[in-house]
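This report describes the inside of one protein model. Please look at the structure first and then read on.

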Amino acid sequence: MQRQDSVAGKSQTLQHPNDATIAVKSISGQKQDKQNLDYVLRTGLAGGLAGCAAKTIVGPLDRVKILFQASNPQFAKYTGSWFGVVTAMRDINRQSGLRGLFRGHSATLLRIFPYASIKFLAYEQFRSILIPSASYETPLRRLFSGASAGVTSVLITYPLEVIRVRLAFETKHESRPSSLKGI
């Protein structure tokens, strides 16, 4: 399937929409390569920002989830009802304000930006290796591309995940500075 588009007088030729080796002419008429530093930086930035936006939206839910998973004694009273998550979020907001709902979120963003960037970039690179053209594309090859990207990003960013969970688990201001001291 081929499509010709015209952008500011320059044409673009797109082959199969899922083809990892699509040759796209930019507005300047130059061919973009997926190994090009400019392409890598732009897609890495886009992946990182998208990951940060998604995590910010679900930040309060993530904080309550960690408190429930860790069986935090202060939050055990919320676990028996359907509205426990909402009640826990409301009580955190009353006690600590909006900052309480986002405690540990800065560490989340420090972790998710490189995680999402690496995952997005690694997927593109693995995909271009495993699927050099549309004729090689199969669900199994796409699965391996995604799985390889996920493993790569987790291996590189796992230490940041440990810090994030420790910060999110803190429930009150204590005399000690932070649980980061134990890391």
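The structure holds 2 cavities of 30 Å³ or more. A cavity is a set of points, on a 1 Å grid over the protein atoms alone, where a 1.4 Å probe fits but cannot get out. Grid points are joined across faces, edges and corners, and the volume is the space filled by probe spheres set on the points. For the largest cavity the volume is about 70 Å³. Its lining has 11 residues, of which G59, D62, R63, H105 and T108 are the closest to the centre; a lining residue has an atom within 4 Å of a point.

This is a predicted model, in which local features need pLDDT of at least 70 and side-chain atom pairs count only at pLDDT 80 or more, while totals for chains, interfaces and linings use all residues. Residues are numbered from 1 along each chain as its sequence is written, and side-chain values use heavy atoms, without hydrogens and water.

At least two lining residues of the largest cavity come from each of α2, α5 (105-130) and α6. The most come from α2, which supplies 3 residues. Helices are DSSP runs (H or I, at least four residues), numbered from the N terminus. By class, the lining of the largest cavity is made up as follows.

| Class | Residues in the lining |
|---|---|
| Nonpolar | 2 residues |
| Polar | 4 residues |

Asp, Glu, Lys and Arg count as charged, and Gly is among the polar residues.

The largest nonpolar core has 7 residues: V64, L67, F75, Y78, A88, I92 and L101. Two or more of these residues come from each of α2 (59-69) and α3 (84-96). Such a core is a set of buried Ala, Val, Leu, Ile, Met, Phe, Trp, Tyr and Cys residues joined through side-chain atoms within 4.5 Å.

F75 sits in the loop between α2 and α3. F75 counts as buried because its relative accessible area is 7%, and buried means under 20% (1.4 Å probe, protein chains only). F75 and A88 are 13 residues apart in sequence, and their C-alpha atoms are 7.0 Å apart in space. Beyond its neighbours within four places in sequence, A88 is in contact (heavy atoms within 4.5 Å) with V64, F68, F75 and Y78.

S153 lies in helix α6 (residues 139-169). Is S153 buried or exposed? S153 is buried, with a relative accessible area of 0%. The S153 side chain reaches the backbone oxygen of G150 at 3.0 Å. Leaving aside neighbours within four places in sequence, S153 is in contact with Y115, I118 and K119.

Conventions:
Buried means under 20% relative accessible area, exposed over 50%, partly exposed in between (1.4 Å probe, protein chains only). A polar contact is a pair of N or O atoms within 3.5 Å; within protein, one must be able to donate a hydrogen and the other to accept it, and residues adjacent in sequence count only if both atoms are side-chain atoms. On a 1 Å grid over the protein atoms alone, a cavity is a set of points where a 1.4 Å probe fits but cannot get out, and a pocket is an open set with protein on both sides within 12 Å along at least five of seven lines; lining residues have an atom within 4 Å of a point.
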